[in-house]
Amino acid sequence: MQKVCYDDSSLKSLISPDVYTSFADQLEAVETMLNKKTGPGNDFLGWLELPEEHSPSFLDSIQKQADDARQQCDVFICVGIGGSYLGAKAAIEFLSSTFPQQRTPEVLFAGHHVNSDYLKDLLSHIEGKRVIVNVISKSGTTTEPGITFRVLRKWMEDAYGQEEAARRIIATTDPEKGALRKLAERNGYRTFDIPDNVGGRFSVLTPVGLLPIAVAGIDIKELVSGAREAMKYCSGTDLTTNIAARYGVNRNCLLREGKTIEMLAAFQPQFTFVNEWWKQLFGESEGKDRTGIFPASVVYTTDLHSMGQWMQEGLRTIFETFLRVDETRETVEVPHFEDNEDNLGYLVGKSFEYVNEKAYEGTLKAHRDGGVPAATITVADRSADSLGQLFYFFEKTCAYSAYLLRVNPFNQPGVEAYKKNMFAFLGKPGFEDFE
Ligand code: PA5
C-alpha cells in the first residue's frame, strides 16, 4: 500500500498543466536514461533495483548478525561519515523511542567529525560496557572515520585483547578494494560488502544502513519491502501517479522561477535526521556545475520560533516542502484545570496532533500568503514500511531532479577540493604541491 503522498495543489497558480506538458519529452528522456542506464554516472545506479534484488536469505544473514550483536553488546558503535552514517542515523531516530536510554543496545555514531571532546566522552560512556564496532567506509580511506577507528580499535584491543577485539569489529566496505578491506582481511574482521554500483548517499538499503538499523531492533525486511512498494509508484512518465517525477519536475520549475533554496520543513521532531540525510542526498547530488537548489531544513513548530520570521518575510528565493506524519504512535490530550489561569481551556481534550495539524495548516497558509510556494509530503505513520517508501521516493526524486538539471547526480568532485588542501596542510605524502 502506498504510504507516501505528495500534495502540490497549492503550487497550481505557479505551475500550470501546460508546464507539465512542456516537460514531457525531457521526462521521457530521463526515464529512459534511468531505465536503460545510459545517463551520466550510470555505473552508480545499483540503488534503483536494490529493494527487488535483496533476497530473503541475504536479509536473513544481516538479521542473524544483528541478532548476535544484540546479544553480545550494550553499545554498537558505527564509525562512518556522510552516506556511510546518515541513513542509519535517520532511520534509527525516526523509528526508535525518543530517548537513547530507552534503546537497547544503544547504537551510537562516531567518525562523522573530528573532535576529541566527543571521542573522550564516548570512551568514558562505553567504559565497562560490552562494545561492538562497525566501521563503515566504501572507499576505506576517508580521514574522519579512519582516525576515529584507530582510536576505537586501540580501545577495543586494550579492553579485549587482539583476538576478541577482532571478533567484535565488523567492517562494511568495498568487496575488493581499499585500505579497510585489506585491514579487515589482515585482522580477520567480519565484513559486509557495499555494492560497487551504489554510492554512499544512496546506500541506506545496503549493509551500510541495514546492519545498524537491524541492530537497533528495526524490521529491515519491512523497510526494504516499503522501498519495493515505492518502486511501483515512483516510475513511469505519468506525473499524476509518479510522485517522484512530479516532485522532481516541480523543483526544476521552481528553480527556473528563481527559487534557489528548498526548505524541507518537517512537522515531527523524529524527522530531524531524515532532514539531514535528505540534505546530503540533494546537496551532494545536485550542487555542481554552478547550479542546483540549496537544500535547507527546519523542524516545526520548534523552528517557527527561530527561522519562522525569515520564512515569512525574508528574501523570496525560497520554496518549502512540508514533511508530516499522518498518524503518530501516541496521543496526549490537553488536560483540564478549573482555574484556567493560562487561558488554554479552549484546548481541553484536544490532542497534541490536532494542535500540530492546525499549526501546519496555519503555517502553510501564512507562508503562501508571504510568497513562499509550498507543497506537502505526508507519510502515513512512523513504520519501517513508510520510511522505506520515503527513502526510495527521495532517492528517485533526486535522480529525476538532477538529470532534468543536466547534472550527474552520482559524483561529488567538489568534495575533493578541501581534502587536497587539508592533506597538504597535514603533510600527507604526495600532496606537497597543493600548499
Ligand atoms: O555520498 C557519498 O559518496 C559520500 O558522502 C560518502 O558517503 C562519504 O564521503 C563517506 O565515504 P566513504 O564511505 O568512502 O568513507
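Colleague: What is the distance between an oxygen atom of the ligand and an N or O atom in the side chain of Ser-137?

Modeller: In this predicted model, the distance is 2.6 Å.

Colleague: Which part of Gly-83 lies 2.9 Å from an oxygen atom of the ligand?

Modeller: A backbone N or O atom of Gly-83 lies at that distance from the ligand oxygen. The side chain of Glu-284 also has an N or O atom 3.0 Å from an oxygen atom of the ligand. Around the ligand there are 13 residues, and Ser-84, Ser-137, Ser-139, Thr-142 and Gln-280 are the closest.

Colleague: Why is Glu-284 called partly exposed?

Modeller: The relative accessibility of Glu-284 is 23%. Buried would require a value under 20%, and exposed a value over 50%; Glu-284 is therefore partly exposed.

Colleague: Where is Glu-284 found, and with which residues is Glu-284 in contact, leaving aside its neighbours within four places in sequence?

Modeller: Helix α13, residues 272–286, contains Glu-284. With those neighbours left aside, its contacts are Arg-201, Lys-279, Asn-411, Gln-412 and Val-415.

Colleague: What makes the pairing of the Glu-284 and Arg-201 side chains a polar contact?

Modeller: Their distance is 3.4 Å. The definition asks for N or O atoms within 3.5 Å, with one able to donate a hydrogen and the other to accept it; the pair is therefore listed as a polar contact.

Colleague: At which residues does UniProt place the feature "active site"?

Modeller: The UniProt record, an unreviewed entry, places that feature at Glu-284 and Lys-419. The lining of the largest pocket includes Glu-284 and Lys-419. Lys-419 lies in helix α17, which comprises residues 415–426.

Colleague: How do you know that Cys-5 is in no disulfide?

Modeller: The count of disulfides is zero. For Cys-5, the nearest cysteine sulfur is that of Cys-234, 11 Å away.

Colleague: Are Cys-5 and Cys-398 buried, exposed or partly exposed, and why?

Modeller: Cys-398 has a relative accessible area of 0%, under the 20% limit, and is therefore buried. Cys-5, at 42%, falls between 20% and 50% and is therefore partly exposed.

Note on methods:
Residues are numbered from 1 along each chain as its sequence is written. This is a predicted model: local features need pLDDT of at least 70, side-chain atom pairs count only at pLDDT 80 or more; totals for chains, interfaces and linings use all residues. Side-chain values use heavy atoms; hydrogens and water are left out. A disulfide is a pair of cysteine sulfur atoms within 2.5 Å. Buried means under 20% relative accessible area, exposed over 50%, partly exposed in between (1.4 Å probe, protein chains only). UniProt positions are given in the numbering used here, feature names are shortened, and annotations may be inferred rather than shown by experiment. On a 1 Å grid over the protein atoms alone, a cavity is a set of points where a 1.4 Å probe fits but cannot get out, and a pocket is an open set with protein on both sides within 12 Å along at least five of seven lines; lining residues have an atom within 4 Å of a point. Helices (H or I, at least four residues) and strands (E, at least two) are DSSP runs, numbered from the N terminus. Contact means heavy atoms within 4.5 Å. A residue is near a molecule or strand if one of its heavy atoms lies within 4 Å of it.
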